[in-house]
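Here is a brisk report on one protein model. Please keep the structure open while reading.

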Amino acid sequence: MNYVKSLLAAGAMSLVSLPAFAAQEVTWWDFLSGGDGVRMKALIERFNDEHPDITISGTTLEWGVPFYTKVRTSVAVGQGPDVMTYHLSRMPLGLEEEVLDTISEDDLAAAELSKEDFFPASIAAASDEKGALHAVPFDIHSIVLYVNKSYLEGSRFLDGDGNLTGIDNLEDFEEALALAKENGSSAPVSYATGDDGGTYRVFFTLLKQLGGELIVDGQVLPGDNMEKAAKAIEVMTRWHENGWQPEQAEYAASVALFTSGKSAFHMNGVWEVPTMVDMETKDTLGFDWGAVQIPNLMGTTATWADSHAFAIPAGTNMSPEKRKAVMTVIGWMEKNSLAWANAGHIPAYKPVANSDAFKEMEPNATYSSLAETAAYDPRSAIAGVASPVYDAAINIISPAMHGYMDPQQAAEQIKSELQSKLQ
């Protein structure tokens, strides 16, 4: 009996002396602030609560150039994170700088995902020219058309349910703008006319709707794309000349024009949906509003779009166990992206985008059709967030539409300026 007790005691001691199972710690970087940051932190907290074997250790860095500079530097010295958020519009530059790892079919399988789970446009934007995947799309965020319905009451532009209707081309839209001005709107269509992002996104949308391309095979505005760019700038200039859009409006001012009831329409990203929802909930908006996909104004259905995505930095040399943990994180985020959609985004993961829960989420469900015709930035190292094409918008397109050069001159200057960046 004493011998048995001794064996049991020894066994117990050996179990106690075994090291505890170590959770995989996943180092995470993002650039998400404001409402996006709050939502992402909540998702990370939920993941950590549900996964005792994996812990996300998150850090939020400054959005834009500072973030991507930090990524480039960290990869160069081998001190990058295990996973990071990434704009798909920056993919070409990221590939040129060799800062992005390849995400294989086995990686996707570890996350219980496949390419077929995502909208084709987002997968194409996340892949290199040979089709290899370098990021997993998380959302599709685009500009949409916000509507203050009070300026359209009793007109042909609202149907019996109060929904926007009857805007099938540019002539229709400009008729609605003229009507809104007659009805007292001081800025019938507001967008950030004095800001690089707002100006670029509207210009690029009009260009794509004209069937145009900004950069093709390293050439800026080749062939008849010059004329299409001039046409897009001409439209924006006419909106200015007719007093339909604000002059040199910074981003915050353009939003305020709409939320204060001075604009009938507002062209801006889906990320402002929470602003409208919050104000409506607090009864501080003062009018009935909606948000729809940018109508087909120029002949082709297309809208500027980008995606937040998850990427793995190059050269991490992580263990198979760590990589599986990273892909588990990505897979979980995709399957729980309905919470992220509350920020106005469209889930890139189709099982969530096609779910009944998302179809009941308004106004997201109304404009979700844009996921099928999303127009991502050109596949060029000088395009994407905080890039030379954005610089051209504020330095050339914005002055042109305010009357400082004609549209054709502006298109020629865009070609010259951007082409010099590609030499």
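## The open sheet

Strands β4 and β12 run antiparallel and are joined by 2 bridges. Val-136 sits opposite Phe-310 of β12. The model is a predicted one. β12 also pairs with β3, again in the antiparallel sense, over 4 bridges. Here Met-84 stands opposite Ala-311 of β12.

These pairings belong to an open sheet of 5 strands. The order is β2-β1-β3-β12-β4, and the pairing is mixed. β2 (54-60) and β4 (136-137) stand at the edges. Each has a single partner strand, so one side of each is left without a neighbour in the sheet. Helix α12 (residues 320-335) packs on this sheet. α12 touches β1, β2, β3, β4 and β12 (308-311). The direction of α12 makes about 55° with that of β1.

## Inside the sheet

β1 (residues 24-30) and β3 (residues 83-87) pair in the parallel sense. The pairing of β1 and β3 runs over 2 bridges. Trp-28 has Val-83 in β3 as its bridge partner.

Which residues cover the two faces of β12? His-308 and Phe-310 lie on one side, Ala-309 and Ala-311 on the other. All four are buried, and both faces of β12 are covered. In a regular strand the side chains alternate between the two faces of the sheet.

The largest nonpolar core holds 74 residues. Trp-28, Met-40, Ile-140 and Met-333 touch the most other members. Helix α12 gives this core its largest share, 7 residues.

Met-40 can be followed contact by contact. Leaving out residues up to four places away in sequence, Met-40 touches Trp-28, Asp-30, Leu-32, Phe-138, Met-333 and Trp-340.

## Helix α9 and its partners

Helix α7 (residues 170-182) packs against helix α9 (residues 225-241) at an angle of about 15°. Their axes are 12 Å apart. The two count as roughly parallel because the angle is under 35 degrees. The crossing of α7 and α9 is right-handed. On the α7 side, Leu-170, Phe-173, Glu-174 and Leu-177 take part. They meet Val-235, Arg-238 and Trp-239 of α9.

α9 also packs with helix α18 (residues 407-421), at an angle of about 130° and with axes 8 Å apart. That makes α9 oblique to α18. This crossing of α9 and α18 is right-handed. From α9, the contact is made by Met-226, Glu-227, Ala-229, Ala-230, Ile-233, Glu-234 and Thr-237. From α18, Pro-407, Gln-408, Ala-410, Ala-411, Glu-412, Ile-414 and Lys-415 contribute.

## A buried histidine and an exposed glycine

His-240 lies in helix α9. Is His-240 buried or exposed? His-240 has a relative accessible area of 18%, so this residue is buried, the cut-off being under 20%. Leaving aside neighbours within four places in sequence, His-240 is in contact with Gln-245, Glu-247, Met-401 and His-402.

Gly-154 is in the loop between β5 (139-148) and α7. Its relative accessibility is 88%, so Gly-154 counts as exposed. Gly-154 and Thr-85 are 69 residues apart in sequence. In space they are 46 Å apart, C-alpha to C-alpha.

## The whole chain

The protein has 18 helices and 14 strands. Its C-alpha atoms fill a box of roughly 100 × 55 × 35 Å, taken along the principal axes. Of the 423 residues, 55% are buried.

How much of the contact set joins residues at least 24 apart in sequence, and what share is that? Among contacts between residues at least 6 apart, 76% join residues at least 24 apart.

Key. Residues are numbered from 1 along each chain as its sequence is written. This is a predicted model: local features need pLDDT of at least 70, side-chain atom pairs count only at pLDDT 80 or more; totals for chains, interfaces and linings use all residues. Side-chain values use heavy atoms; hydrogens and water are left out. Two strands pair if DSSP finds at least two bridges between them. Contact means heavy atoms within 4.5 Å. Axes are lines fitted to C-alpha atoms, for helices over the stretch in contact, and angles run from 0 to 180 degrees between N-to-C directions. A nonpolar core is a set of buried Ala, Val, Leu, Ile, Met, Phe, Trp, Tyr and Cys residues joined through side-chain atoms within 4.5 Å. Buried means under 20% relative accessible area, exposed over 50%, partly exposed in between (1.4 Å probe, protein chains only). Angles under 35 degrees count as roughly parallel, over 145 as roughly antiparallel, 65 to 115 as roughly perpendicular and the rest as oblique. A crossing is left-handed if the near helix is turned anticlockwise from the far one by less than a right angle, and right-handed if clockwise.
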